[in-house]
Amino acid sequence: MTQLPLLEQAILVLAALTLLASFSMLAQSRLTSAIHSFAWQGVMVAAATALVAAVGHAHHLYLSALLTFSLKGLLIPWMLHRLVRRLNMEREVENIAHPALVVLAGALLVILAYWIALPIERLELASTRNIIAISLAIVLLGLWLMIARRQVVTQVLGFMSMENGLFLAAVASTRGMPLVVELGIAFDVLVAAVLFGVFFFHIHESIESLDTGKLTRLTEEEPA
Amino acid sequence: MNEQVTGYWLATLLQPLVLLLAAPLLVGWIKRIKSRLQNRRGPAVMQPLRDLRKLFAKQPVVAKTASPLFRAAPYVVFASTLLAVTSVPLWSIWLPSTTVADVIVLVGLLGLGRFFLALAGMDVGTAFGGMGSSREMLVSALAEPAMLMAVFTLAMSAHSTNLSSIVAFNLDAGVVLRPSYLFALLGLILVAIAETGRIPVDNPATHLELTMIHEAMILEYSGRHLALMEWAAQLKLALYGLLIANLFFPWGLAERFTPLEGLGALALVGGKLLLLGALLAVAETTLAKMRLFRAPQFLNLAFLLTLLGLLSNVILESGL
């Protein structure tokens with residue numbers, strides 16, 4: 001048995017905590033708490049990136065860690081929080097159908113991701129290759145969050161956390177993408193967040209709620 | 001060599017005695033810290049021991065409808081808990097009592113005690129007893145899988161379900177950051193809170209009809225029966241404290257037992273338990289008790305954490 005150096009162990013711990021943040025988003029019924037979980041996930045991904053930079057002496061990764069921290073840890077959560085406050089939904093609690101089943105299905109997705117990533121693990125690309133399974137699980141959990149929830153804000157969080165998972169996979173397995181690509185993706189996400197905000201207002205204006213379940217109704221009356 | 005063997009057996013025999021004294025003191029310590037945090041002076045740390053002595057001197061009153069099981073249950077509960085607490089490494093790793101039993105036996109012993117506790121609650125036929133038993137079973141049915149998963153996570157790293165081997169493995173490994181241990185620790189803490197009936201699942205200080213779980217089951221007991229039941233509950237709290245302290249933070253445990261090393265290890269373990277007790281008191285002061293029907297959600301979280309621990313052990317720690 002070979003021992004990984006302590007810094008690489010810390011990367012593994014951070015990857016596991018990122019996964020935990022995904023699960024806490026999945027289980028949170030309060031909007032503001034879910035946004036906080038998303039912010040923590042961004043911070044964790046940024047910290048993992050910084051550690052990868054320190055281990056691999058890849059200096060451009062420090063920049064992308066900083067970018068991730070400021071965008072996904074601070075700016076986007078702040079924007080979402082402000083939107084929620086403006087729409088007076090701070091105390092909104094989403095009614096999740098079968099919360100325990102949703103979370104258990106999430107655990108099944110993690111196992112699926114592990115099973116899919118097994119062949120990649122055998123390639124022995126880098127010592128942190130196991131993180132690919134975790135990243136894939138985070139992507140799948142983001143997808144599952146968008147499917148299982150009806151609240152638009154939570155669906156947006158699912159979308160954003162998918163991006164977190166992809167970023168983690170890129171950083172952990174290949175020591176990061178070229179900086180141009182990373183900058184492009186970062187600003188894409190930022191623009192997406194702004195656009196989502198505009199959509200929030202439009203949806204809220206037309207159906208006076210952000211519950212997508214109500215979008216399928218054809219008439220204004222409540223179903224009998 | 002011969003002296004070594006005598007030392008081992010002496011340590012094995014002394015361990016339950018030390019714990020029998022220490023468990024009420026731990027409860028007293030938690031109560032003391034809690035009252036200080038709530039700006040009360042609070043009872044002395046010795047108070048639970050004094051209560052036990054007083055209860056043992058009193059004559060037990062048994063209901064007319066009680067079956068012999070009602071009289072036998074306190075002894076079964078007390079004996080199984082004492083046996084369970086003896087099998088957890090306290091001050092030295094390779095003691096005869098800790099090597100003979102493993103994690104599954106430990107969970108089984110706790111299950112035996114719980115089974116008789118629930119039976120005793122229903123035996124007299126009062127409404128409260130039956131209600132308490134049904135609630136206890138609800139909580140423990142959900143807590144037990146989480147507890148097993150937490151210890152299995154440790155067992156998978158150490159390749160053994162024996163508590164001594166797990167502790168020895170963790171001692172040898174030195175400083176290793178394992179995500180699975182983090183999750184298992186969090187899950188085990190949640191399970192410990194639920195199983196020992198602390199806030200936010202149960203409140204040990206109240207006899208309010210709507211909320212009590214453990215107190216409802218032992219409502220009919222008095223005298224030495226009540227003393228045994230309370231003592232068993234205190235031992236169980238110490239047991240979970242010991243599990244958390246010695247499985248996850250085993251530093252200071254003696255590999256080979258000598259009287260001096262044993263005393264040093266005991267002092268360290270005592271310090272760890274006092275710290276855990278203080279943390280519990282702070283948590284109990286800041287948290288509010290939740291509704292009973294929220295308890296499954298709480299334990300679902302514990303289960304999820306331990307499941308994540310198991311998964312991250314498989315996925316992430318192949319290189320560790």
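Reader: Let me check I've got this: buried means under 20% relative accessible area, exposed means over 50%, and partly exposed is in between (1.4 Å probe, protein chains only). What does B:Phe115 count as, then?

Author: Partly exposed, because its relative accessibility is 45%. Before we go on, this is a predicted model: local features need pLDDT of at least 70 and side-chain atom pairs count only at pLDDT 80 or more, while totals for chains, interfaces and linings use all residues. Residues are numbered from 1 along each chain as its sequence is written, chains are lettered from A and ligands numbered from 1 in the order in which they are written, and side-chain values use heavy atoms, with hydrogens and water left out.

Reader: Where do A:Phe159 and A:Phe196 sit?

Author: In distant parts of the chain, 37 residues apart: A:Phe159 is in helix α6 (residues 152-174) of chain A and A:Phe196 in helix α7 (residues 179-207) of chain A. Helices here are DSSP runs (H or I, at least four residues), as strands are (E, at least two), numbered from the N terminus. A:Phe159 is partly exposed at 37% relative accessible area, and A:Phe196 is partly exposed at 23%.

Reader: And what kind of pair do B:Phe115 and B:Phe116 form?

Author: An edge-to-face one, 5.7 Å centre to centre and 90 degrees between the planes. There's also an aromatic cluster made of B:Phe56, B:Phe78 and B:Trp231.

Reader: Back to α6(A) and α7(A). At what angle do their axes cross?

Author: Roughly 175 degrees, and the axes come within 11 Å. Axes are lines fitted to C-alpha atoms, for helices over the stretch in contact, and angles run from 0 to 180 degrees between N-to-C directions. The two helices are therefore roughly antiparallel (that's over 145 degrees; under 35 is roughly parallel, 65 to 115 roughly perpendicular, the rest oblique).

Reader: Which residues of α6(A) meet α7(A)?

Author: Among them are A:Val156, A:Phe159 and A:Met160 of α6(A), with A:Val189, A:Ala193 and A:Phe196 on the α7(A) side. Contact means heavy atoms within 4.5 Å. By class, this contact has 12 nonpolar residues, no polar ones and two charged. Nonpolar covers Ala, Val, Leu, Ile, Met, Phe, Trp, Tyr, Cys and Pro; charged covers Asp, Glu, Lys and Arg; the others, Gly among them, are polar.

Reader: New topic: is A:Ile76 buried or exposed?

Author: A:Ile76 is buried, because its relative accessible area is 1%. You'll find A:Ile76 in helix α3 (residues 59-86) of chain A. Leaving out residues up to four places away in sequence, A:Ile76 touches A:Phe38, A:Leu71, A:Met160, A:Val189, A:Leu190 and A:Ala193.

Reader: What about between chains? How far apart are the axes of α1 of chain A and α8 of chain B?

Author: 8 Å, with helix α1 (residues 6-27) of chain A and helix α8 (residues 179-195) of chain B packing at about 45 degrees. That angle makes α1(A) oblique to α8(B). The contact involves A:Leu12, A:Val13, A:Ala16, A:Leu17 and A:Leu20 from α1(A), and B:Pro179, B:Leu182 and B:Phe183 from α8(B). Their classes are eight nonpolar, no polar and no charged.

Reader: How many residues of α1(A) are buried?

Author: 16 of its 22, which leaves α1(A) mostly covered. The end C-alpha atoms of α1(A) are 31 Å apart, in agreement with the 32 Å its 22 residues should span at 1.5 Å a residue (expected span is 1.5 Å times one less than the number of residues).

How values were computed
Rings of Phe, Tyr and Trp (its six-membered ring) pair if their centres lie within 6.5 Å; planes under 30 degrees apart count as stacked, over 60 as edge-to-face and the rest as tilted.
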